[in-house]
Amino acid sequence: MTDGNHISLSELQRRIKCAVEEALPMPVWVAAEISELKVNYSGHCYIELVEKADEPAATAPRGGRSGSSTGPRAQARAVIWRSQYPMLSAYFEAETGSKLAAGMKILAKVLVSYHELYGLTLQIVDLDASYTLGEVQRQRQMTIKRLQADGVWDMNRETAMPMLVQRIAVVSSASAAGYRDFMNELRSGGYAFRTELFDAVVQGAAAEESVTAALSAIAERAEEFDAVAMIRGGGSATDLSCFDSYLICSYVAQFPLPVITGIGHDKDTSVADMVAHKALKTPTAVAAWLTDRMARIEAWLDESARRLHDTAVAATRNERLRLERLASDTAREGGMYVERCRSALGLLREQTAAAALRIVESNKARLEAADGLVEGRSPQRIMRMGFAVVRSGGRALLSTEGLRAGERIEVELCDGALDADITSIKAKGYGEKE
């Protein structure tokens with residue numbers, strides 16, 4: 001390649017500079033987000049501006065965490081020279097209530113310049129504070145619509161609040177005055193609350209990730225807590241804009257524990273307040289509400305104990321009276337029963353005696369009849385009628401069988417006995433038996 005077919009780098013940069021300045025000779029209004037901001041020792045303010053790609057829908061899991069990471073669509077360096085920075089920053093803070101900071105969306109009037117050494121630079125000469133405030137409101141309305149479209153708008157409000165709220169997970173900045181006010185108010189209430197701080201950044205570009213990380217940490221230990229207190233002291237609309245973030249509000253709406261918010265001042269209401277179970281105006285108000293709730297529960301318990309005592313006393317008195325009546329009735333009925341039993345026993349005794357007498361008379365008659373029968377069949381009586389008992393060898397003879405003539409026998413009569421010898425034996429019919 002010959003020397004005539006190329007140009008120097010400085011010539012290229014000069015041509016770019018001329019092209020840029022000729023194309024954009026006048027200031028233009030540019031909408032962008034501040035990704036970095038630094039005021040150096042000389043008083044100049046250096047800003048990194050970005051335009052982000054559209055973010056996908058964020059989903060807040062019940063007990064997990066998620067986020068979105070999208071790269072910038074465009075990026076440029078900007079500067080506010082020290083001659084204008086004090087005036088512009090003071091105007092912006094007076095209008096919005098917040099200082100210029102990373103994470104803000106701004107509408108800036110810029111002069112486009114190009115330097116051979118430093119490249120493209122946007123010199124900010126004016127700011128439209130109303131754009132930043134309008135962007136906050138626009139983001140707020142978008143968040144509300146997305147949460148309602150997701151069907152999670154009422155979820156946390158429908159989560160049951162425990163009767164006793166004593167174990168409280170606190171999402172706040174450890175150095176914030178609002179957190180100190182909350183703890184002081186809670187301690188002064190006189191109840192034994194157990195709190196654990198989940199330290200989080202509650203303002204600026206890092207707030208979204210920090211707050212959702214704190215909520216995720218609580219969700220992993222949800223069984224250890226009764227409720228979540230998400231608190232932050234007062235600030236400007238832009239300071240509190242992180243609590244209009246879709247990601248934070250989606251986490252709050254779907255959180256497994258009831259969330260109590262105390263964000264900002266009386267006039268402030270964030271989207272996080274709208275989806276939380278209970279929204280109060282300040283951190284101190286949250287502590288006062290928790291203390292008052294505990295006092296109401298204590299009063300309810302005292303009243304319940306009093307009613308239980310009164311009911312028990314009344315029931316005991318009624319039962320005592322009932323027992324006394326029962327005792328009186330039992331004594332009366334018992335006396336009557338005893339009398340009835342005594343009469344019955346007397347009658348039974350008479351009936352038993354009469355029955356026994358009849359049985360004795362009957363048995364006596366039977367015995368007399370039996371005695372007559374026995375007497376009529378007595379061997380002595382039979383022998384007096386002429387009968388005798390003949391024995392041989394001590395054995396009474398019932399037959400002549402086995403007897404022989406010449407044997408000795410004994411004959412027992414009614415008045416004595418005699419011995420005899422058999423001379424002859426005659427069979428029945430009086431024939432002689434050999």
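Which helix does S130 lie in? S130 lies in helix α3.

## Model and conventions

This is a predicted model, in which local features need pLDDT of at least 70, side-chain atom pairs count only at pLDDT 80 or more, and totals for chains, interfaces and linings use all residues. Residues are numbered from 1 along each chain as its sequence is written, and side-chain values use heavy atoms, with hydrogens and water left out.

Helices are DSSP runs of H or I with at least four residues, strands are E runs of at least two, and both are numbered from the N terminus.

## Helix α2

Helix α2 covers residues 85–96. It has twelve residues and reaches 16 Å from its first C-alpha to its last. That is close to the 16 Å expected at 1.5 Å a residue. The expected span is 1.5 Å times one less than the number of residues.

Y85, L88, S89, F92 and T96 of α2 are buried (under 20% relative accessible area; exposed is over 50%, partly exposed in between, with a 1.4 Å probe and protein chains only). The arc is taken from the directions from the helix axis to the C-beta atoms. An α-helix has 3.6 residues a turn, so residues three or four places apart point the same way. The face turned away from the buried side of α2 carries the exposed residues P86, M87 and A94.

The cover over the buried residues of α2 includes strands β1 (28–39), β2 (45–52), β3 (72–80), β4 (105–115) and β5 (119–127), as well as α3. Contact here means heavy atoms within 4.5 Å. After α2 comes G97, with a positive phi near 85°.

Two packed helices are described by the angle between their axes and the distance between the axes. Axes are lines fitted to C-alpha atoms, for helices over the stretch in contact, and angles run from 0 to 180 degrees between N-to-C directions.

Helix α3 spans residues 129–150. Its axis and that of α2 come within 9 Å and cross at roughly 40°. That makes α2 oblique to α3 (under 35 degrees is roughly parallel, over 145 roughly antiparallel, 65 to 115 roughly perpendicular, and the rest oblique). Y91, F92, E95 and T96 of α2 make the contact with A129, T132 and L133 of α3.

Helix α6 (residues 246–253) also packs on α3, at an angle of about 40° with the axes 10 Å apart. This crossing of α3 and α6 is right-handed. T143, R146, L147 and D150 in α3 meet Y246, C249 and S250 in α6.

## Packing of α5 on α6

The axes of α5 and α6 are 9 Å apart, at an angle of about 15°. That makes α5 roughly parallel to α6. The crossing of α5 and α6 is left-handed. On the α5 side, the contact involves A207, E208, V211, T212, L215 and S216. Their partners in α6 are L247, I248, Y251 and V252.

T212 sits in α5, which runs over residues 207–219. Is T212 buried or exposed? T212 is buried, with a relative accessible area of 3%. Neighbours within four places in sequence aside, T212 is in contact with L247, I248 and Y251.

## Helix α4

The twelve residues of α4 (residues 177–188) should span 16 Å at 1.5 Å a residue, and the end C-alpha atoms are 17 Å apart, which agrees. G178, Y179, F182, M183 and L186 of α4 are buried. Seen down the axis, these buried residues fall within an arc of 135°, so they line one face of α4. R187 and S188 are exposed on the other side. Just after α4, G190 takes a positive phi of about 85°.

## Individual residues and separations

S130 is partly exposed, with a relative accessible area of 49%. S130 and R187 are 57 residues apart in sequence, and their C-alpha atoms are 42 Å apart.

I7 belongs to the segment before α1 (9–23). I7 is partly exposed, at 40% relative accessible area. Beyond its neighbours within four places in sequence, I7 is in contact with L12 and R15. I7 and A219 are 212 residues apart in sequence and 63 Å apart in space, C-alpha to C-alpha.

Conventions: Left-handed = near helix turned anticlockwise from the far one by under 90°.
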